[in-house]
Structure formats: C-alpha cells, structure tokens
Amino acid sequence: MLGLLLARSGVDVLVLEKHGDFLRDFRGDTLHPSTLRLFDELGLADQLLRVPHQETQVLGVTTDAGDFTLADFRRLPGRYRFLAFMPQWDFLDFVVGQARRLPHFELRMEAEVLGVLEEAGRVTGLLARLTVAADGRDSGLRRAAGLRPTEFGVPIDVLWFRLPRRPTDGPQSFGRLAAGHLLVLIDRGDYWQIAYLIPKAAADELHQAGLGRIRDSVAELVPFLTDRVGELRRWEDVRTLRVQVDRLRRWFRPGLLCIGDAAHAMSPIGGVGINLAVHDAVAAANLLVRPLRDGNLSTRHLARVQLRRLLPTVVVQWGQRTIQDRFLSPVLAGRVPARGPLVLRALRRFPVLQAVPARLVGIGVLPEHVRMPAAGDASAPASAVPPAGLQQPHRMGEPLEG
C-alpha cells in the first residue's frame with residue numbers, strides 16, 4: 001500500500017516479497033469502512049469492491065442465552081457501512097495490480113530480505129534513501145536492525161481451519177460463545193473459515209486429546225456443521241496461530257522505518273490489524289513524500305510517522321488487552337452468566353450502543369486520509385533512489401539484503 005501511494009506521487013519504489021505469490025492463509029481478511037474510504041479517496045473503491053467478497057452490516061454472536069448483536073455498522077456515517085470480508089491474497093493482488101500501472105513502482109517476488117546494510121550507523125538498504133520494514137510480526141529486518149518490541153501478555157491462541165459451506169447455510173458471518181468456548185465463522189462463499197479460540201499454549205494438550213475433541217466441540221457449538229466436521233481428518237488441516245501483542249518503543253532508525261505488524265503486532269480481536277497497517281502506510285506516505293522528493297529525508301520525518309500512528313496503536317492494543325483479560329479469559333475458563341455476558345445484554349437492551357463498537361472497529365481512532373498529490377499534480381517527481389555506485393547492485397537470483 002505504501003509502495004502504491006509513493007509511486008503514485010512520483011517516488012521510485014522497489015517492493016521486495018519473499019514468496020512467489022500471495023496465496024496463503026492470513027490472520028485477517030476484513031476491510032473496514034475506514035479502509036474502504038481510503039480507496040474511495042484514491043478513486044479505486046468501486047474497482048476494489050468488484051473483487052469477490054462478502055459484506056456484513058451487523059456482527060452478532062450466538063450464546064446459550066440467545067442471539068446478541070455486537071456491532072451494527074448501519075449506524076455509521078458515510079457510504080461504507082459494512083465490513084468487507086475479502087481474502088487477503090485477492091486484496092494484495094488488487095493493490096499490486098494498481099501499483100504496477102505506475103512507472104515508479106517495481107515489485108520483485110521471491111526476493112527474501114535477510115538483513116540490513118549499514119553505513120556509519122545508518123541503514124542504507126539497496127541504494128535506497130529509505131528502507132521500510134513491513135515484513136510482519138516476526139520481522140527479520142526489525143531484528144537485524146536491533147529494534148526489540150515490548151511484549152504484552154496474551155491469554156489466547158487460535159486454531160484456524162476451514163469447513164465446506166452449503167447453499168442452505170445462513171449468509172451471516174457470526175460467532176458462537178459458550179462456557180469454555182468461543183468460535184468465529186467467516187463466510188468465504190464456498191467454505192467457512194473458522195477461528196476457534198483456545199487458552200494460551202493449550203494446543204499441545206488438544207493434540208494429545210486428539211482431533212476428535214475439536215470435531216465434537218464444533219458440532220456441539222454449531223449443529224449445522226455436524227455433517228461436515230469429518231473434513232478435519234488430520235492435524236495438518238488445522239493451523240495454530242500464536243497470538244501476540246507487542247509494540248516497538250521506537251519504530252525507526254536512520255534510513256529505516258517499521259510499519260504494520262513489524263511495528264506493532266495486534267490481537268485478532270476486531271480484525272483491525274490489516275486496517276491499522278494500511279493506515280500506517282497512508283500516514284507514512286502523507287508525511288514522507290515531500291522529504292523523499294526533496295532529498296532531505298531525516299529521522300525527524302520518520303519520528304513524525306510514529307508520533308502520528310502511536311495513539312491509535314496504543315488505544316487499540318489497550319482495548320484488545322482489556323477484552324482479552326476481562327471477557328475472553330473468563331469465557332474460556334467457563335465463567336459465562338446464564339443470561340449471557342453483561343456487556344452483550346446491555347447492547348441488546350440499548351441498541352443505540354451498538355454504534356459504539358461499530359465505530360471503534362469500523363472507523364477506529366485517528367483514521368487517515370490520502371493527502372499526498374498524484375504525480376501529475378506534483379511539481380517535480382523525484383526518486384527515492386540516489387545515483388548508482390554507492391553500493392554494489394543486486395544480481396537476480398542472489399539473496400537480498402536491506
């Protein structure tokens with residue numbers, strides 16, 4: 001996303017992706033109203049929403065005490081009053097397709113970054129004025145640069161698997177909550193993507209108990225899946241997602257900036273991770289286009305990106321940790337009131353309150369807007385790459401550093 005925005009403003013960008021394609025399971029596949037609005041500002045929202053996806057206006061959860069509404073996105077202002085569930089590989093293919101139309105954008109697939117190049121304490125990258133680490137929660141670039149995150153305790157992990165979806169199944173993505181269990185179903189058209197929450201580090205115990213325990217639990221929680229839980233034949237069909245919440249104290253070094261999960265790993269609660277990362281990219285583009293074009297980029301410009309994005313990061317992580325400690329932990333420990341959790345009862349009794357979680361999830365804290373000009377509006381498109389000869393050029397087929 002940052003590559004698209006910078007290239008659109010006339011800055012030369014090289015994006016390195018270690019895989020050969022984007023076709024793999026990601027933790028989050030929701031595009032929130034704030035992100036859809038960003039694409040609207042770029043004139044790309046209608047094209048994006050032509051990519052196959054499912055739209056959800058209301059998020060609900062089923063408990064033993066009945067159905068409850070968690071968030072009603074119809075109460076939000078603006079055009080986009082829904083969550084778009086879109087496989088992240090399709091979303092990334094769309095962004096790359098748009099970026100490749102720009103003369104200043106280059107993407108190299110199967111180009112794994114192994115470390116950073118430094119000169120006099122500055123990360124110099126591959127002939128670049130700025131190297132951006134957007135390589136996820138286990139960022140190798142971040143580690144190579146000596147940046148260490150502060151980790152916050154997380155009481156949950158997630159089992160991630162899929163089961164077939166039948167035409168007779170309900171169209172609404174939803175959650176299922178019971179004492180000791182919380183399961184989320186995401187409608188992917190021809191299959192259900194299922195997130196099954198478990199206590200932290202309980203995966204080994206479940207492996208010892210056998211896969212039949214998971215199949216029986218899913219069938220009990222969601223009876224209409226009973227005739228297909230047998231599709232879970234082996235543990236290779238179930239991935240364990242180790243949930244972590246952490247944050248860098250400093251997101252940058254001279255010549256290097258971390259954004260997205262490389263700067264702040266998020267819990268899957270609310271599906272906000274991808275959207276925060278996209279907004280990080282927009283903030284970085286807004287703040288860095290001019291110094292990149294003018295050739296005077298310094299650490300104070302990178303510090304401004306962190307300052308801009310720190311508040312929403314801290315607030316969202318605080319909210320996620322509060323939900324984990326005060327809601328999810330008691331649920332997984334089997335402590336669920338017979339009438340349902342108090343917060344769910346309050347949301348059902350006072351429907352107007354359903355706009356609050358909808359706004360926090362759908363719009364968030366300090367949402368960004370696209371503020372940098374397109375190259376055609378800019379006075380002098382410039383390159384983020386200084387003249388060649390400062391370092392040895394990379395030869396295709398060799399591991400990449402920086």
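E368 is buried, at 3% relative accessible area. Its side chain meets that of R309 in a salt bridge, 3.0 Å from N to O. The pair joins distant parts of the chain, 59 residues apart: R309 sits in helix α9 (residues 299–332), E368 in the segment after α11. R309 counts as buried too, at 1% relative accessibility. The model is a predicted one. A search of the whole structure finds 20 salt bridges.

**Other salt bridges**

- D29 forms a salt bridge with R188, and the closest N and O atoms are 2.2 Å apart.
- That pair links distant parts of the chain, 159 residues apart. D29 lies in the loop between β1 (13–16) and β2 (30–31). R188 lies in the loop between β14 (181–187) and β15 (191–199).
- D29 is buried, with a relative accessible area of 6%. R188 is buried at 7%.
- R242 and D157 bring their side chains together in a salt bridge of 3.4 Å, N to O.
- This pair also links distant parts of the chain, 85 residues apart. R242 is in the loop between β16 (239–241) and β17 (245–248), while D157 is in strand β12 (residues 156–164).
- R242 is partly exposed, with a relative accessible area of 40%. D157 counts as buried because its relative accessibility is 1%, under the 20% cut-off.
- R166, D169, D227 and R228 are linked in a network of salt bridges.

**Helix α11 and its surroundings**

- The buried residues of α11 are A358, V361 and G362. Seen down the helix axis, these buried residues of α11 fall within an arc of 85°, so they line one face of the helix.
- The cover over the buried residues of α11 includes α2 (33–41) and β5 (66–72).
- G364 follows α11 and has a positive phi, near 80°.

**Nonpolar surface patch**

- F350, V352, L353, V356 and L360 make a nonpolar surface patch of about 460 Å².
- One of these patch residues, V352, is found in the loop between α10 (342–349) and α11 (355–362).
- V352 counts as exposed because its relative accessibility is 56%, over the 50% cut-off.

- Helix α4 (residues 88–99) has 12 residues. Its span from first C-alpha to last is 16 Å, close to the 16 Å expected at 1.5 Å a residue.
- Buried residues in α4 are Q88, W89, F91, F94, V95, V96, Q98 and A99.
- G212 is found in helix α7 (residues 211–221). G212 is partly exposed, with a relative accessible area of 25%.
- G212 and V365 are 153 residues apart in sequence. Their C-alpha atoms are 42 Å apart in space.

**Positive phi outside glycine**

- E110 is not a glycine, yet its phi is positive, about 50°. E110 is placed in the loop between β7 (105–108) and β8 (118–119). E110 is exposed, with a relative accessible area of 65%.
- A120, also a residue other than glycine, has a positive phi near 55°. A120 is found in the loop between β8 and β9 (122–123). A120 counts as exposed at 86% relative accessibility.

Key:
Residues are numbered from 1 along each chain as its sequence is written. This is a predicted model: local features need pLDDT of at least 70, side-chain atom pairs count only at pLDDT 80 or more; totals for chains, interfaces and linings use all residues. Side-chain values use heavy atoms; hydrogens and water are left out. Patches are made of residues with over 30% relative accessible area and no salt bridge: like charges are joined within 9 Å, nonpolar side chains (Val, Leu, Ile, Met, Phe, Trp, Tyr) within 5 Å. Accessible areas come from the Shrake-Rupley method with a 1.4 Å probe; for residues, only the protein chains shown count as cover. A salt bridge is a side-chain nitrogen of Lys or Arg within 4 Å of a carboxyl oxygen of Asp or Glu. Helices (H or I, at least four residues) and strands (E, at least two) are DSSP runs, numbered from the N terminus. Buried means under 20% relative accessible area, exposed over 50%, partly exposed in between (1.4 Å probe, protein chains only). The expected span of a helix is 1.5 Å times one less than its number of residues. The arc is that of the directions from the helix axis to the C-beta atoms. Contact means heavy atoms within 4.5 Å.
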